[in-house]
Amino acid sequence: MVLAAIVFVEAVGMPVPAAVALLAAGAACALHVMNPWMGVLVAVAATVAGDCIMFFVGRVSGWGLLGFLCRVSMNPETCILRSAESFYKRGKATLLIAKFVPGLNTMAPPLAGSMKMPPWKFLRYDLGGAFLYVLAYGGAGFLFSDFMKSITRGLALASHTFEIFLLIAALAYIVYRIWAYKQQRVYRIVPRIDVGDLVALYNSEERERMIIADVRSHGYYDAGAHRIHGSIRIEPNNLDGEMDKLPRDKHIYLYCT
């Protein structure tokens, strides 16, 4: 029950170290404390259950859920685009490896839902990914159970030292996050133009010297939807390549949702 709860909570987006729980479960199976088959089935079922919830919420809410999940990151737009880029490059196979990639493990199910992937296809790939994830970490715990047992015994003997180590690690992580946040602030300062000012330019002689590009991400963009009159479509995940094709003597305005 504890294993299922930890794995499920991680699957629905909570920062819980399910990999550690799977390592411990694997070691427990090697020591005959837990039934291996039951452990695998419980962990896989809990993982798929959490992923299915995220999939259907993402399917209903669109990219609203993705924005919420990325809100705690230092750069929400980059967070979403990197996750989408994995689907563009690897397609459905992303679900097979998503659990092993921090950040993508939570983003993949709702992203698949927002992209309207058929539920049966999502379930098939997600089930495969869950088995790989559980067997990889659980198998490692099973194979190295003696080593983990010795580590646990050593930590028990040096619990005070371990507590100090955890405190230092937590402080170091906080300092790193503050530093990274300051480094990322420059990306939040993006030159912008008001809609009214853009309309005024568009209706003036400046129109011949401007390009308006729709760079809405896959989850927001619909080929049949309306675009700003006269704008062109640029796929954001291929922005560098597309920009090389544009003239350098014109002002380029990008818009998204």
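Reply: A quick definition before we start: accessible areas here come from the Shrake-Rupley method, run with a 1.4 Å probe. Counted that way, the protein exposes about 16,100 Å², and 66% of that is supplied by carbon and sulfur atoms. Keep in mind that you're looking at a predicted model.

Some background next. The protein has 257 residues, and 32% of them count as buried. Its secondary structure comes to 12 helices and 3 strands. If you take the contacts with a separation of 6 or more, 69% of them are between residues 24 or more positions apart.

The part I'd zoom in on is helix H2, which covers residues 18-30. Let's go through its partners.

Start with helix H1, residues 2-11, whose axis comes within 9 Å of the axis of H2, the two crossing at roughly 155°. Anything over 145 degrees counts as roughly antiparallel, so H1 and H2 get that label. Their crossing is left-handed. On the H1 side, the residues involved are Leu-3, Ile-6, Val-7 and Glu-10, and they meet Ala-18, Ala-21, Leu-22 and Ala-25 of H2. Sort that contact by class and you get 7 nonpolar residues, no polar ones and 1 charged.

Now for helix H8, residues 119-143: it packs with H2 at an angle of about 50°, and the axes are 6 Å apart. H2 and H8 are therefore oblique to each other. This crossing is right-handed. H2 brings Ala-18, Ala-19, Leu-22, Leu-23, Gly-26, Ala-27, Cys-29 and Ala-30 to the contact, while H8 brings Tyr-133, Val-134, Tyr-137, Gly-138, Ala-140, Gly-141 and Phe-142. That contact has 12 nonpolar and 3 polar residues, with no charged ones.

One more residue of H2 to click on is Ala-28. Its relative accessibility is 16%, and since buried means under 20%, Ala-28 counts as buried. Setting aside neighbours within four places in sequence, Ala-28 touches Val-33 and Met-34.

Technical notes: Residues are numbered from 1 along each chain as its sequence is written. This is a predicted model: local features need pLDDT of at least 70, side-chain atom pairs count only at pLDDT 80 or more; totals for chains, interfaces and linings use all residues. Side-chain values use heavy atoms; hydrogens and water are left out. Axes are lines fitted to C-alpha atoms, for helices over the stretch in contact, and angles run from 0 to 180 degrees between N-to-C directions. Helices (H or I, at least four residues) and strands (E, at least two) are DSSP runs, numbered from the N terminus. Angles under 35 degrees count as roughly parallel, over 145 as roughly antiparallel, 65 to 115 as roughly perpendicular and the rest as oblique. A crossing is left-handed if the near helix is turned anticlockwise from the far one by less than a right angle, and right-handed if clockwise. Contact means heavy atoms within 4.5 Å. Ala, Val, Leu, Ile, Met, Phe, Trp, Tyr, Cys and Pro count as nonpolar, Asp, Glu, Lys and Arg as charged, and the others, Gly among them, as polar. Buried means under 20% relative accessible area, exposed over 50%, partly exposed in between (1.4 Å probe, protein chains only).
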